[in-house]
Amino acid sequence: MTSDQYRGNLRYAVDIVLCIDVTESMTPVLDMVKKSALTFHERLNLVMSGKGKEISQLRLKVIAFRDFGDFAEDAIKETDFLVFPERAADFDRFVRELFASGGGDVPESGLEALALAINADWERGLDRRRHVIVMFTDAPAHPLHAPEAVTAHTYPQGIPGDLDGLLEQWGYARSQTAVMENAAKRLVLFAPDAYPWNEITEEWNMTLHFPSVAGQGLADLELHEIIDTIANSL
Amino acid sequence: MTAVLIEGLLGAPGEGTVWRYDGDDLLALGVWTERSRGGGEDAEPLFAHRVSTAEGILGVFDGLGGSGSTAACELSDGTTRSGAWVGARLARLGVASWFRGGHAPESLRTRLVEVLRAVPPPRPSKIVSSMRRWLPTTMATVRYRLTGGQAECRVLWAGDSRAYALSPGWGLQALTRDHTDETDGLEQLICDPPMTNVICADQEFTIDTQVLLLPLPSVLLCATDGFHGYVATPAHFECHLLRAMQESCDTREWAERLVRHVLGYTGDDASLSLVALGYPGFDRLRADFAQRAEQVEARYGGCDRPAEEEAARRWRTRTWNEYRPDYERLMPPPVEPL
């Protein structure tokens with residue numbers, strides 16, 4: 001057996017879901033988040049290879065969200081998992097078309113986006129899997145199944161009824177109900193120090209929280225910090 | 001021991017340093033490699049032997065670059081070093097001084113806490129996470145005492161660095177169990193799971209331990225995951241060790257070959273400390289392991305790994321199931337969840 005065959009076994013298969021808040025308040029930072037997303041795969045490959053970690057497969061998925069209680073039609077917009085670099089053009093097109101608008105009140109449907117991410121079609125076959133959810137939002141989130149949201153005809157089916165249910169899906173050590181694989185999962189939050197993000201940071205394992213001030217958030221975020229934070233979590 | 005700088009084989013990134021010692025009934029070697037020059041987060045491997053009391057220690061320390069990426073110090077040339085880099089070296093220092101002082105095994109944790117807490121804490125980070133730690137490092141050490149034809153061994157470890165015994169009859173036998181929720185050695189290799197316990201300055205940690213009596217002659221070694229975590233199956237680490245031994249004329253060449261081997265397959269910094277106790281010389285050691293080397297090479301070292309993914313998976317599981325009983329015979333049992 002050659003050395004290359006050994007190494008071929010033990011490269012990292014990385015799936016990343018980018019949950020992006022595209023409500024009105026994100027206007028000042030959405031361009032930066034989009035720029036992060038568009039250069040993400042190249043920067044990640046670079047940082048990972050600098051750490052001696054090779055990526056065998058990289059797939060990205062985007063979930064753009066607003067607020068089901070405000071406007072049902074555009075509350076969630078998402079891609080499939082797109083394999084890079086083959087599907088990079090599809091990814092670019094989707095991200096470039098994102099624009100900030102709507103949202104209504106301050107909290108948004110970030111938890112629904114997170115629930116969809118947790119239940120995404122993650123890679124289950126390759127070795128050294130890493131399943132990373134990255135949340136970009138400047139707002140707190142409505143509780144899951146908030147009355148004004150569940151009446152929306154686009155409200156996602158089958159997601160947990162509350163944050164405890166979502167934690168069960170996220171899982172913990174030796175959890176029997178988890179949807180996510182304990183060894184693979186990571187949650188990176190670029191979000192305010194407010195409900196539910198602060199509770200999640202405190203109670204869920206394998207999370208990293210870049211807290212910001214609600215309503216002003218993400219302004220001081222820099223691309224290299226985002227990439228480094230994610231790469232170091234792998 | 002004198003250090004010798006070794007470069008990897010053509011195409012293999014990184015370079016390594018080796019140490020070796022040939023004494024009376026005692027052969028020792030150390031191997032240390034880094035993926036990028038100056039950035040290696042493994043500390044140099046530890047080996048010390050006190051002739052007057054016939055006792056010694058070997059150990060390895062792997063600073064955790066992901067959770068310990070915060071800059072911890074700036075060197076005189078302006079380069080910064082991460083908390084992982086500093087943590088591994090401080091832990092090595094702590095273990096060495098603990099051994100020199102002849103202290104009880106139970107006091108090692110206290111000594112490590114003292115050494116790590118001497119470093120001022122970092123500036124508050126923008127990132128909040130229990131995944132991040134200050135000065136995090138793994139450790140695997142074996143403190144031994146030679147007495148009545150036996151080696152009385154106290155194994156101490158935290159994280160996923162490992163200690164092993166290597167014998168002609170049983171092959172490579174793990175003396176430690178990784179601190180991860182995943183307890184299956186092959187799954188650990190495939191998943192690279194997060195560690196549940198590592199040495200660090202800002203969170204609680206434990207030093208796991210077990211005591212063993214091994215007959216002389218015996219070979220003991222400690223290795224970081226750069227050595228054992230990038231092979232096809234756990235059996236292949238033994239293949240590398242014995243292949244390099246059998247191809248060598250002396251301890252130094254064995255160490256140099258290990259550098260070249262590991263740079264060829266690893267994706268990480270790698271360090272290893274090894275001592276052969278009760279062997280009068282390298283020739284005898286090599287001769288004693290010749291048959292075992294042939295056996296593991298024939299069983300696991302060949303190029304029979306199927307190319308197709310599913311078949312390769314089955315091959316890997318079959319190989320592991322065959323190898324596992326002997327590999328785990330000295331391993332402490334898994335800790336049952338409360």
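This is a predicted model: local features need pLDDT of at least 70, side-chain atom pairs count only at pLDDT 80 or more; totals for chains, interfaces and linings use all residues.
**View 1. Asp192(B) sits in the loop between helix H3 (185-191) and strand S12 of chain B.** Asp192(B) has a positive phi of about 50°, and yet it is not a glycine. For comparison, most residues other than glycine have a negative phi, and most peptide bonds are trans. Is Asp192(B) buried or exposed? Asp192(B) counts as buried because 25 other C-beta atoms lie within 10 Å, and the cut-off for that label is 20 or more.

**View 2. Arg128(A) is a non-glycine residue with a positive phi, this time of about 45°.** You will find Arg128(A) in the loop between H4 and strand S5 (129-136) of chain A. With 23 other C-beta atoms within 10 Å, Arg128(A) is buried.

View 3. Pro85(A) belongs to the loop between strand S4 (82-84) and helix H3 (88-96) of chain A. Pro217(B) is part of the loop between strand S12 (208-215) and strand S13 (218-223) of chain B.

**View 4. Helix H1 of chain B spans residues 83-100.** From first C-alpha to last, this helix of 18 residues reaches 25 Å, close to the 26 Å expected at 1.5 Å a residue. H1(B) is mostly covered, with 14 of its 18 residues buried. Look just after H1(B) for Gly102(B), which takes a positive phi of about 65°.

**View 5. H1(B) crosses helix H2 (residues 108-117) of chain B at roughly 135°.** The two axes come within 9 Å, and H1(B) and H2(B) are therefore oblique to each other. The crossing is right-handed. On the H1(B) side, the contact includes Leu90(B), Ala91(B), Gly94(B) and Trp98(B); on the H2(B) side, Leu108(B), Arg111(B) and Leu112(B) are among the residues involved. What kinds of residue make up this contact? Nine are nonpolar, three polar and one charged.

**View 6. Helix H4 (residues 110-118) and helix H6 (residues 163-170) of chain A have axes that come within 10 Å.** They cross at roughly 25°, so H4(A) and H6(A) are roughly parallel to each other. This crossing is left-handed. H4(A) contributes Leu111(A), Leu114(A), Ala115(A) and Ile118(A), while H6(A) contributes Leu166(A), Gln169(A) and Trp170(A). Six of the residues in the contact are nonpolar, one is polar and none is charged.

**View 7. Cys239(B) lies in helix H5 (residues 234-246) of chain B.** Cys239(B) counts as buried because it has 23 C-beta neighbours inside 10 Å. Which residues does Cys239(B) contact, leaving aside its neighbours within four places in sequence? They are Val296(B), Glu297(B), Tyr300(B) and Gly301(B). Arg299(B) is 60 residues away from Cys239(B) in sequence, but their C-alpha atoms are 9.7 Å apart.

**View 8. Chains A and B meet in a contact that takes 27 residues from chain A and 26 residues from chain B.** On the chain A side, the elements giving two or more residues are helix H1 (3-9), strand S7 (207-212) and helix H8 (223-233). That side divides into nine nonpolar, eleven polar and seven charged residues.

Notes. Residues are numbered from 1 along each chain as its sequence is written. Chains are lettered from A and ligands numbered from 1 in the order in which they are written. Two residues are in contact if their C-beta atoms, placed from the backbone, lie within 7 Å. Helices (H or I, at least four residues) and strands (E, at least two) are DSSP runs, numbered from the N terminus. Ala, Val, Leu, Ile, Met, Phe, Trp, Tyr, Cys and Pro count as nonpolar, Asp, Glu, Lys and Arg as charged, and the others, Gly among them, as polar. The expected span of a helix is 1.5 Å times one less than its number of residues. A residue is buried if 20 or more other C-beta atoms lie within 10 Å of its own, exposed if 12 or fewer, and partly exposed in between; C-beta atoms are placed from the backbone. Axes are lines fitted to C-alpha atoms, for helices over the stretch in contact, and angles run from 0 to 180 degrees between N-to-C directions. Angles under 35 degrees count as roughly parallel, over 145 as roughly antiparallel, 65 to 115 as roughly perpendicular and the rest as oblique. A crossing is left-handed if the near helix is turned anticlockwise from the far one by less than a right angle, and right-handed if clockwise.
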